[in-house]
Amino acid sequence: MDYDMQGKTVVVTGATSGIGLAVAMKMVQAGAFVIGVGRSAVRNDRAKLAIHQAVPDGKVTYLLADLSSQDQVRRLAVEIKDSLTKAGYQQLDVLVNNAGVYMIQKVKTEDGIETTFAVNHLAGFLLTHELIAWLARARGRVLTTSSYSHRTTPLCLGRVDNPWPHIGLMAYKRSKISNVLFTNELNRRDLGITAFAVDPGLVNTEIASKGGKGIEELVWRRRRLQGTTAEVPARTYLYLAGEPEIETSRGYYFKDSAPLRPSRQSENERLARGLWALSCRLTGVEW
């Protein structure tokens, strides 16, 4: 479906390749002013050029940030607000928390947190907190990239930020169920926005190839060939951003532009509140 996003503002993290770049492209094609976020200046410039080549009059800019660093997430939020203001906007209509990593080896961030959890969950949690007032002005939407893999792992809050032993796939799965719990808790708290978790399905991206070399990377390289192009899930993000009225009686977890029941554990309100409290403690915010 086609949507008119003229006058709308969108932030997309992890927007230099794969799903993020496809989403940014879709939003620009629909007429939105898009702020893409990436951690490489070269890749940012390349993505911006690709969008301008496809949409010569498209409204897009890119900001640089390493989302594993909470200081950089906070600085990014300030730069997003400045960019919106300079472009003549005082609200943010859509925040797409898409940035993600898959770490085969255990690596801690400068904040002392396991990197997969820090980037895939805490970065989106903190960025949403920093931008919530701007989102609320527009009755905006927060779209967070989750995964079907969230269904097959338990979540222990006592070890999620520093798991031992570290298994790359398990750390990734725990971050993905955290995305769904965060989405559900955002909606329960009624903060003036609507949040959705997106299951993109199996997509041919390089996410597991960025975390190192080894058997997991080889398995993913072969498995991803069975996946769709990033264009397919990008349609769901555009739907969730542009559809005026979305039926949410069946929940806030979507795949292929339709609601899908997530795992039972991801709907556990007590677990969601616990994750929220832990996330506040780890990021130093009161929310």
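1. T16 counts as buried because its relative accessibility is 16% (buried is under 20% relative accessible area, exposed over 50%, partly exposed in between, with a 1.4 Å probe and protein chains only). T16 belongs to the loop between β1 and α1 (18–29); helices (H or I, at least four residues) and strands (E, at least two) are DSSP runs numbered from the N terminus. Apart from neighbours within four places in sequence, T16 is in contact (heavy atoms within 4.5 Å) with L21, G38, R43, N44, A47 and Y62.

2. On the basis of the note: this is a predicted model, in which local features need pLDDT of at least 70 and side-chain atom pairs count only at pLDDT 80 or more, while totals for chains, interfaces and linings use all residues. Residues are numbered from 1 along each chain as its sequence is written, and side-chain values use heavy atoms, with hydrogens and water left out.

3. Helix α3 (residues 70–86) has 17 residues and should span 24 Å at 1.5 Å a residue, which agrees with the 24 Å between its end C-alpha atoms; the expected span is 1.5 Å times one less than the number of residues. Just after α3, G88 takes a positive phi of about 95°.

4. Which residues of α3 are buried? They are Q70, V73, L76, A77, I80, S83 and L84. Seen down the axis of α3, these buried residues fall within an arc of 130°, so they line one face of the helix (the arc is that of the directions from the helix axis to the C-beta atoms). Their packing partners are β1 (9–13), β2 (33–38), β3 (59–64), α4 (115–137) and α8 (269–283). D71 and K86, on the other side of α3, are exposed.

5. Two cavities of 30 Å³ or more are present. A cavity is a set of points, on a 1 Å grid over the protein atoms alone, where a 1.4 Å probe fits but cannot get out; lining residues have an atom within 4 Å of a point. Grid points are joined across faces, edges and corners, and a volume is the space filled by probe spheres set on the points.

6. The largest cavity holds about 80 Å³ of space. Its lining has 15 residues, with N97, V119, N120, A123 and G124 closest to the centre. Helix α4 provides the largest share, seven residues.

7. The second largest cavity has a volume of about 50 Å³. Among its lining residues are Q70, V73, A118 and L122. Helix α4 gives the most to this lining, three residues.

Terms used. 1 Å grid on protein atoms, 1.4 Å probe; cavity = no way out; pocket = protein on both sides within 12 Å on 5 of 7 lines; lining within 4 Å.
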